[in-house]
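Here are my notes for you to read with the model open beside them. Go through the points in order and find each spot as you get to it.

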Amino acid sequence: MSGTNTSPTHHTSTIGAIGAPSRRNTELALLAFAVVIPVFAYANVGLALNDSVPPGLLSYGLGLGLLAGVGHLVVRKFAPYADPLMLPLATLLNGLGLVAIWRLDQSKRLSNYAEAAPRQLLYSAMGVALLAVVLIFLKDHRVLQRYTYISMAGALFLLILPLVPGLGANIYGAKIWIKIPGLGTLQPGEFAKIALAVFFAGYLMVKRDALALASRRFMGLYLPRGRDLGPILVVWVISILILVFETDLGTSLLFFGMFVIMLYVATERTSWIVFGLLMSAVGAVGVASFEPHIQTRVQAWLDPMREFELSRAGVQDGVVHSEQAMQALWAFGSGGTLGTGLGQGNSDLIGFAANSDFILATFGEELGLAGVMAILLLYGLIIERGVRTALAARDPFGKLLAIGLSGAFGLQVFVVAGGVMGLIPLTGMTLPFVAYGGSSVIANWALIGILLRISDTARRPAPAPAGNPDAEMTQVVRPS
Amino acid sequence: MNKPLRRIAVFCGLLVLALLIRDNWIQYVQADELRTDKNNRRVTIERYASPRGDIIVDGKPITGSAETSGSDFKFKRTYKNGPMWAPVTGYASQAFGATQLESIEDGILTGNDDRLFFRNTLDMLTGKKQEGGNVVTTLNAAAQKAAYNGLKKQGGKGAVVALEPSTGKILSLASYPSYDPSSFAGNSTTTDTDAWQKLQKKNNPNDPMLNRALRETYPPGSTFKVVTAAAALEDGLYTDPDGKTDSPDPWIMKGTTTKLPNEGNIPCKNATLRVALQYSCNTVFGKIGSDLGNDKMLDMAKKFGFDEEQFTPVRANASVFSDDMNPSETALSSIGQFNTAATPLQMAMVASAVANDGKLMKPYMVEELQARSVDTIERTEPEELSQPLSPENAQKLQSMMETVVDKGTGSNAKIPGVTVGGKTGTAQHGVDNSENPYAWFISYAKGEDGSAPVAVAVVVEDDNAVRDDISGGGLAAPIARNVMEAVLKSKQ
């Protein structure tokens with residue numbers, strides 16, 4: 001976009017620096033840390049639990065190293081100018097997640113759940129494979145623009161899947177899983193997230209001028225025309241439908257939030273934010289007024305202790321009472337500032353989903369405030385790199401896609417971490433890369449793959465000037 | 001397009017900031033509150049993570065700790081000869097909490113007590129695990145054994161309390177039937193819960209977990225006449241144990257037309273205090289109570305510790321002597337009937353005060369609290385509770401009680417070569433006295449130097465014994481004698 005050229009102070013995020021360093025060696029050095037830190041953590045758990053270095057240390061280290069190595073080589077070959085931080089950050093989080101999952105596998109209290117760490121390693125490998133596929137076959141992210149409406153259809157299909165009788169699985173009240181016989185469960189919503197981002201980006205790129213310009217001014221806000229409200233209303237209705245039929249506040253909030261963010265970026269109209277907030281508030285409150293599952297979640301958020309007592313007393317009143325919210329808070333509180341040390345906490349008291357939705361509590365107890373803040377900052381960095389990619393991208397589709405994906409990533413981290421820490425009501429969502437769950441890991445590696453592709457395109461040195469430079473100038477519609 | 005992008009960046013930054021603030025809130029500001037929440041299982045896990053300190057009798061632990069398997073509570077309590085010591089220790093169960101001494105001294109036993117803070121910090125720095133301290137009791141193992149075995153042999157419900165009159169040390173504290181606190185010390189939902197359920201009163205009418213020595217009050221019957229005699233001497237109503245009293249027989253209670261009967265054909269008319277106590281004359285002591293009046297009797301009972309809970313430090317129920325009674329009710333109360341009710345500890349305190357020349361010492365069972373390294377943290381010093389009798393009057397009462405054992409109803413408590421004073425009691429209970437009476441015996445034994453090293457109270461309820469057979473002298477006195485002998489022997 002022309003807009004980026006107007007601000008010379010942001011040269012790092014703009015194009016044009018001929019022969020910009022690829023930073024691939026930086027990435028390799030960071031990756032070494034991203035592999036070594038989890039390996040030490042893994043050894044730490046073994047030493048704390050059994051006073052011995054765990055026998056799987058070598059294969060685990062090699063496995064993680066191999067994933068990082070493959071990721072790095074693919075990036076070096078197919079996306080040499082990609083952001084150097086994203087791959088190490090994702091690898092580190094994935095590695096730490098594996099350690100925490102393995103640590104919870106060792107728990108006696110959770111011994112009736114299947115071992116999760118080997119499967120998670122497999123999922124991670126599949127995720128990195130998907131990242132490679134994205135980087136190898138998606139030479140230019142703008143190709144995705146062609147699939148705008150196919151993406152929409154795909155996303156809707158994925159979202160409807162859990163509601164298909166016989167396929168969907170209701171796990172603890174939320175219907176966001178599908179059962180694949182022999183393979184386990186899948187959360188199609190994780191993949192729908194990416195498809196939806198592609199659709200929104202493609203759609204908004206085309207419609208943004210209409211949405212932005214045709215409006216009336218009222219009390220300092222640009223009010224959109226009635227018919228331009230159509231798309232946001234459709235997305236809103238779909239989000240509400242997700243909330244009602246899949247009873248999943250998190251996914252619903254995530255999709256709607258992502259759309260509002262992208263709409264705002266596309267149109268630069270604050271009014272959309274106001275509309276978005278109003279509509280999500282109306283939707284959430286409206287649905288919560290008749291959906292007992294959502295009401296329970298809100299009650300558990302407001303008074304987790306009461307929910308704990310109801311659960312302990314075995315109260316049967318039609319909804320599932322869970323002590324997990326309180327158990328998670330105790331895990332955080334018991335960890336304190338520095339934590340108990342890996343392997344020495346009791347976060348397995350959370351029980352079901354301790355290694356998926358609630359995995360942050362394990363870090364909270366065993367690595368303490370310090371560890372959780374570090375992990376949150378790692379997420380913050382991934383988001384920051386994503387936003388930076390959006391700033392650097394030269395085309396509006398790339399910008400919108402990058403901000404959509406990183407915004408969704410940020411919202412997901414906020415919704416799940418905030419839920420586990422009791423900042424907002426708990427929703428069934430997985431912490432990207434860290435939590436156990438195939439769909440989440442695979443989809444998020446693909447997400448990183450797309451961001452890497454966009455950033456590679458953005459940071460790649462501009463081809464030799466060719467054609468008429470005025471052609472670009474004529475595209476300026478409006479200064480910003 | 002970059003301006004909104006930067007705003008979104010700020011927004012995402014705020015989301016992360018909100019998470020960081022929330023994290024600081026729960027992991028720093030609220031951390032202590034969450035960590036120590038009573039429902040937080042980590043609190044109990046920590047509690048059972050190291051062996052519990054021991055309760056010690058005569059230099060030997062009567063408790064222990066055993067490592068468990070298959071539970072996140074690593075150590076559980078064990079008891080040596082649990083049923084015998086249960087009234088002393090109480091229980092400490094992973095599933096059902098702790099009571100009595102185990103609960104009161106929990107801080108020392110777990111090592112969490114503030115007084116151990118410095119030591120714990122030192123241990124933490126040197127890498128040692130926190131260890132619980134010990135509770136050293138005043139109990140006498142031989143006396144406890146004699147008491148428990150006596151009750152067990154007798155077979156009915158009952159309790160024994162023995163005190164050292166000069167200090168108030170509790171030497172024996174037995175209750176029967178009893179229970180083994182080891183049987184439910186763990187947290188198994190099968191074995192421990194089963195054992196616990198079987199001991200509950202609703203499933204076991206014998207109520208084995210009731211600490212009868214401290215927590216059950218019985219009508220003291222004729223043993224209360226010692227208190228009445230003390231009141232008469234202190235008031236000056238009668239000063240000479242061998243002087244005639246003004247006691248008609250039969251005696252019609254003041255304000256009524258009811259005769260107060262004596263048990264059997266005994267010489268109670270104008271009997272001396274000594275004879276009246278020797279034969280346990282209801283008429284004499286009923287009339288003394290009536291003559292002194294409610295206030296004076298209540299005053300004397302309170303001086304002996306009635307109407308007040310005792311903390312040994314394990315709480316003992318308050319014994320009862322009522323106020324606001326008319327003369328006939330006061331008369332009945334003064335022979336240990338009507339509303340009067342006493343714990344076995346209370347009656348041992350009565351015998352102890354008389355034996356200690358009128359000075360009542362506060363009963364206690366914890367000699368000292370120790371850290372694991374056998375350093376003393378706290379030592380209990382004997383404490384005077386009251387002086388119900390002057391030494392002269394106490395000695396008069398002693399000589400009367402010694403006559404009871406020598407020639408009267410308490411002859412079963414005689415120990416060759418030892419001066420023993422005592423008083424029997426047979427208290428009626430139930431509607432129209434339909435239920436079996438309680439057999440009481442309170443006594444003390446004197447050593448060679450004339451001071452009494454032991455005072456004891458025994459109560460036995462027996463559902464099976466023939467009614468006529470029950471009398472303090474028959475059922476309770478032999479147990480008291482064995483306990484006193486055990487104490488005397490251990491003093492040698």
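1. Let's start with A:Arg312, which sits in helix H11 (residues 304-313) of chain A. Helices here are DSSP runs of H or I with at least four residues, strands are E runs of at least two, and both are numbered from the N terminus. Is A:Arg312 buried or exposed? A residue is buried if 20 or more other C-beta atoms lie within 10 Å of its own, exposed if 12 or fewer, and partly exposed in between, with C-beta atoms placed from the backbone. A:Arg312 has 12 other C-beta atoms within 10 Å, so it counts as exposed.

2. A quick word on ground rules. This is a predicted model, in which local features need pLDDT of at least 70 and side-chain atom pairs count only at pLDDT 80 or more, while totals for chains, interfaces and linings use all residues. Residues are numbered from 1 along each chain as its sequence is written, and chains are lettered from A and ligands numbered from 1 in the order in which they are written.

3. Now zoom out to chain B. Its secondary structure comes to 18 helices and 20 strands, and its C-alpha atoms fill a box of roughly 115 × 50 × 40 Å along the principal axes. Of its 492 residues, 55% count as buried. Two residues are in contact if their C-beta atoms, placed from the backbone, lie within 7 Å. Among contacts in chain B with a separation of 6 or more, 69% join residues 24 or more positions apart.

4. Next, the insides. A nonpolar core is a set of buried Ala, Val, Leu, Ile, Met, Phe, Trp, Tyr and Cys residues joined through C-beta atoms within 7 Å. The largest one has 157 residues, and A:Met258 and A:Met262 have the most contacts inside it. Helix H13 (residues 359-392) of chain A gives the most to this core, with 17 residues. Leaving aside residues up to four places away in sequence, A:Met258 touches several others, including A:Leu196, A:Phe200 and A:Leu411. Apart from that core lies another, of 130 residues, among them B:Leu139, B:Val275, B:Met347 and B:Val456.

5. How do the two chains meet? 42 residues of chain A are in contact with 30 residues of chain B. H13(A) gives the most to the chain A side, with 12 residues. By class, that side has 24 nonpolar, 16 polar and 2 charged residues. For this count, Ala, Val, Leu, Ile, Met, Phe, Trp, Tyr, Cys and Pro are nonpolar, Asp, Glu, Lys and Arg are charged, and the others, Gly among them, are polar.

6. Take a look at helix H14 (396-420) of chain A, which also supplies at least two residues of the side that touches chain B. It has 25 residues and reaches 36 Å from its first C-alpha to its last, close to the 36 Å expected at 1.5 Å a residue; the expected span is 1.5 Å times one less than the number of residues. H14(A) is mostly covered, with 24 of its 25 residues buried. Just after H14(A), A:Gly422 takes a positive phi of about 80°.

7. Two strands pair if DSSP finds at least two bridges between them. E20(B) pairs in the antiparallel sense with strand E8 (residues 157-164) of chain B over 7 bridges, and with strand E19 (residues 435-446) of chain B, also antiparallel, over 8 bridges. B:Val161 has B:Ala457 as its bridge partner in E20(B), while B:Phe441 has B:Val458.

8. Most residues other than glycine have a negative phi, and most peptide bonds are trans. The peptide bond from B:Tyr176 to B:Pro177 is cis, with omega near -5°. A:Phe433 has a phi near 70°, positive in a residue other than glycine, and counts as buried with 25 C-beta neighbours inside 10 Å.
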